[in-house]
Amino acid sequence: MADFFTPSTFDWPERPDASPAGGFLIQRRSGNRNFEVVVAWPHGGLAYFARDNGPVPPRWIGPTRFGHGHYLGASVTESDNSTFNYSDVKNLEVAAVRDNGTVEHWWMENGGGFVWHQAETVLSGAIGVPALVYGGAELKQGVLGIDLDQHLSGEMHLICPLAGGGFAYQSKLDVNGTELSPAAMALPDLSAWKNHQAPLPSGPEILSDRQFVGAAVVLPPWPSARFAASWSQFRENSNILSAGVLVAVVSDRGALTLFEWGPKQVLGAPGGVVLGWQQGLSITTPETGDGAPGQVLRPCRGRPSMFQGDYDLDDTVFFPVDNGKHFGNIELVAPNKTGGIHHLWRDCGSPYASEPLDRIWRYATLIGSELYDEVSLIQSNFGNADHGNLELVARRFDQNGFDFFWRDENFNWHGPEHVGPPGTTSAPLTIASEPTADDFVHWHTADANGATGTLHDGVVTLTGPMGTAFYFHDDYPNFSSERFTPRLSATGMVEIRGGVERSSNAGFPHSEVVECVGSNFAVFFAPWPSSYGGLPIVRRVSVSAARGDNYARPHCAPYGGRGTAPNCGR
């Protein structure tokens with residue numbers, strides 16, 4: 001790792017100057033600083049949403065579907081890995097808990113078709129929803145100075161509730177650089193997930209609940225930081241990838257408890273220091289939402305979320321005496337058992353006088369009124385004040401999408417704004433990761449003005465000028481060549497009459513469907529942003545043709561919209 005006194009640049013956004021935090025909502029560190037969301041989809045699989053923060057107003061895109069079977073929950077973070085060096089963003093990393101208790105690691109390319117890939121299985125015996133966080137990495141020193149395209153190693157941290165009680169804490173070295181010795185690089189387990197085991201603390205301030213259902217995680221600059229108040233300052237001036245770990249968990253009975261991992265001085269231990277869970281605290285809330293006296297012992301449900309932002313942060317440097325620094329506040333949210341979202345915060349003190357967990361917790365407000373199962377909170381770069389807005393995503397497990405809230409510089413909350421298809425799912429549908437024989441439209445009727453068909457159990461409609469070639473018996477063979485993704489030996493087909501300023505409109509019953517057309521003269525028009533690549537997951541697609549006839553064969557992109565227009569066959 002970088003030497004303590006070696007000049008380096010830690011690649012971390014200046015606004016907000018926040019510590020890394022794990023949830024299912026993040027903001028990109030570069031580019032348009034887009035919001036990214038990954039959730040367990042009630043139909044089966046995982047669903048990826050993104051908010052393009054370039055346009056005014058910003059727009060949500062998705063869902064893109066990936067994964068296998070059913071999941072209990074997921075968490076997303078942005079690493080420093082790059083599949084495409086030309087992109088100004090990095091790969092996304094996801095930890096997802098299957099209903100069979102396995103924790104899967106997925107990652108998404110940072111360009112091209114933005115394709116999702118499954119990596120390794122991290123652990124088994126999990127339950128509930130996880131929290132994954134990445135601590136960032138320093139830029140490499142090149143021959144001519146800082147190399148903006150190359151990073152040193154970073155580290156990911158994973159917290160996940162276990163079926164047998166308690167939770168697992170694992171970390172993974174993200175080996176991006178060559179700063180390690182050849183001997184270290186040759187170690188077979190250098191980048192493997194490492195399990196950190198230690199008993200959880202107990203005491204009068206900690207409830208005995210150990211069956212947890214949801215987790216949140218923050219990497220604060222304490223307890224290792226003695227001269228740094230912010231995460232970026234700590235990493236700039238240290239050869240340590242993480243100082244400590246702060247975890248919030250909610251039990252199946254509703255207890256909201258925090259645990260802190262870090263070094264503790266123990267007489268007789270190697271080096272006099274032992275790493276482990278050092279302190280804990282179960283947080284109560286007021287009986288009423290206005291902070292009135294009286295506390296609720298187990299007030300929460302589902303997955304909590306927290307981050308350490310730049311409110312009260314002071315990392316200015318004064319020489320020769322530097323005693324004016326102050327850590328940023330911790331912001332904590334969790335779904336309320338009876339509706340709404342609890343919001344609490346705490347003053348964390350300074351590097352010279354940090355506060356223990358049981359000090360200075362304050363109740364802020366109850367956000368919204370709906371009943372939610374999971375929440376994810378970040379501080380963004382939006383807003384004109386000194387501090388960025390707070391952004392919050394909340395959802396129920398059966399919800400097709402999520403609700404979005406945000407807080408302005410005057411501490412006023414706005415929302416909820418629903419994102420995603422409407423409604424809920426009471427009978428989940430399992431979606432395979434690759435299309436099957438039933439994943440194209442079976443056309444039943446067609447005439448000069450349109451056509452109708454079915455996809456799974458839903459109706460598909462196509463309106464616009466039609467041709468005369470219709471295949472109603474799923475016996476059209478011309479989409480089996482390698483030009484098409486995926487290749488199908490035979491499908492249904494209807495002909496769209498092309499021409500200048502002629503257009504057709506297709507409506508689908510499921511939001512995960514993508515519709516493509518193909519011919520030698522087809523021109524593809526659809527509302528996808530070039531910055532994301534590939535095709536979006538939309539309910540309606542408009543198709544125009546400059547000349548020639550077009551043959552509608554939904555769909556020629558796999559679930560997740562990985563196929564691009566050229567792959568649909570031109």
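Two remarks on method come first. The model is predicted, so local features need pLDDT of at least 70 and side-chain atom pairs count only at pLDDT 80 or more, while totals for chains, interfaces and linings use all residues. Residues are numbered from 1 along each chain as its sequence is written, and side-chain values use heavy atoms, with hydrogens and water left out.

Let me begin with the charged pairs. A salt bridge here is a side-chain nitrogen of Lys or Arg within 4 Å of a carboxyl oxygen of Asp or Glu. Twelve of them are found in a search of the whole structure. One joins Glu-78 to Arg-28, at 3.1 Å from N to O. Glu-78 belongs to strand E7 (residues 71–78), and Arg-28 to the loop between strand E3 (25–27) and strand E4 (35–40), so this pair ties together parts that are 50 residues apart in sequence.

A second salt bridge links Arg-29 and Asp-80, at 2.7 Å from N to O. Arg-29 is in the loop between E3 and E4, and Asp-80 in the loop between E7 and strand E8 (92–98), so parts 51 residues apart in sequence are tied together. Arg-29 counts as buried at 17% relative accessibility, and Asp-80 counts as buried at 5%.

What is the distance between the closest N and O atoms of Arg-301 and Asp-373? In this salt bridge they are 2.3 Å apart. Arg-301 lies in the loop between strand E22 (295–296) and strand E23 (305–308), and Asp-373 in the loop between strand E28 (361–367) and strand E29 (374–379), so the pair ties together parts that are 72 residues apart in sequence. Arg-301 is partly exposed, at 26% relative accessible area, whereas Asp-373 counts as buried at 12%. Elsewhere, salt bridges with shared partners join Arg-28, Arg-29, Glu-36, Glu-78 and Asp-80 into one network.

I turn now to the aromatic rings. Rings of Phe, Tyr and Trp (its six-membered ring) pair if their centres lie within 6.5 Å; planes under 30 degrees apart count as stacked, over 60 as edge-to-face and the rest as tilted. The whole structure holds 20 aromatic pairs. Phe-35 and Phe-404 have ring centres 6.3 Å apart and planes at 40 degrees, so they form a tilted pair. Phe-35 lies in strand E4 and Phe-404 in strand E31 (residues 402–407), so the pair ties together parts that are 369 residues apart in sequence. Phe-35 and Phe-404 are both buried. Trp-41 and Phe-49 are also tilted, with centres 6.0 Å apart and planes at 50 degrees. Ring pairs link Phe-35, Trp-41, Phe-49, Trp-60, Phe-382, Phe-402 and Phe-404 into a cluster.

Finally, the sheet. Four strands form an open sheet in the order E23-E24-E25-E28, with antiparallel pairing; two strands pair if DSSP finds at least two bridges between them. E23 and E28 stand at the edges with a single partner strand each, so one side of each has no neighbour in the sheet. E23 and strand E24 (residues 330–335) pair in the antiparallel sense over four bridges, and Gln-308 stands opposite Ile-330 in E24.

Technical notes:
Helix = DSSP H or I, 4+ residues; strand = E, 2+ residues; numbered from the N terminus. Buried < 20%, exposed > 50% of the residue type's maximum accessible area, 1.4 Å probe, protein only.
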